[in-house]
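Try each task before you read its solution.

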Amino acid sequence: MATFTAETRSSPNILVTGTPGTGKSTLAQEIGQQLEMQYINVGDLAAEKELYEGWDEEYQCPVLDEDKVIDELENILRDGNCVVDYHSCEFFPERWFDLIFVLRTDNTILYNRLEARFVIQCDSFDCIT
């Protein structure tokens, strides 16, 4: 795997991270659109490319394989001009990003957003709450 840094990229990369419900996707998509950058939602990329290492029975969701994500993103981010959207940032190499936004919001606002999101998802999928 070749190393790339800000000095070897033709354009910057931006990471937008934070707790679910803080507006990461909204901000990242807007940045991508306004600056004509490629928008990458890591969750969508993982689903599309099946970048998982297994299934979590307790939470009933796939477990992300961080090594596969890194391998998949390495070439995409090499030249820059990407805005990446993901709720965590620990496993990304720091050298990949020139600017990182960490989004936060008041817990009351966050609770209401997540509660509304859950109700909408449950209405769509006939969940029992």
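**Exercise 1.** What percentage of the 129 residues in the protein do buried residues make up?

*Solution.* Start with the ground rules: this is a predicted model, where local features need pLDDT of at least 70, side-chain atom pairs count only at pLDDT 80 or more, and totals for chains, interfaces and linings use all residues. Residues are numbered from 1 along each chain as its sequence is written, and side-chain values use heavy atoms, with hydrogens and water left out. Next, apply the cut-off: buried means under 20% relative accessible area, exposed over 50%, partly exposed in between (1.4 Å probe, protein chains only). The buried share comes to 33%.

**Exercise 2.** Which residues of the largest nonpolar core touch the most other members?

*Solution.* A nonpolar core is a set of buried Ala, Val, Leu, Ile, Met, Phe, Trp, Tyr and Cys residues joined through side-chain atoms within 4.5 Å. The largest one has 18 residues, and Val69, Leu73, Leu77, Val84 and Phe92 have the most contacts with other members. Now trace the sources: α2 (42-49), α3 and β5 each supply at least two residues, and α3 gives the most, with four.

**Exercise 3.** Is Glu90 buried or exposed?

*Solution.* First locate Glu90, in the loop between β5 (82-85) and β6 (99-103). Glu90 counts as exposed because its relative accessibility is 69%.
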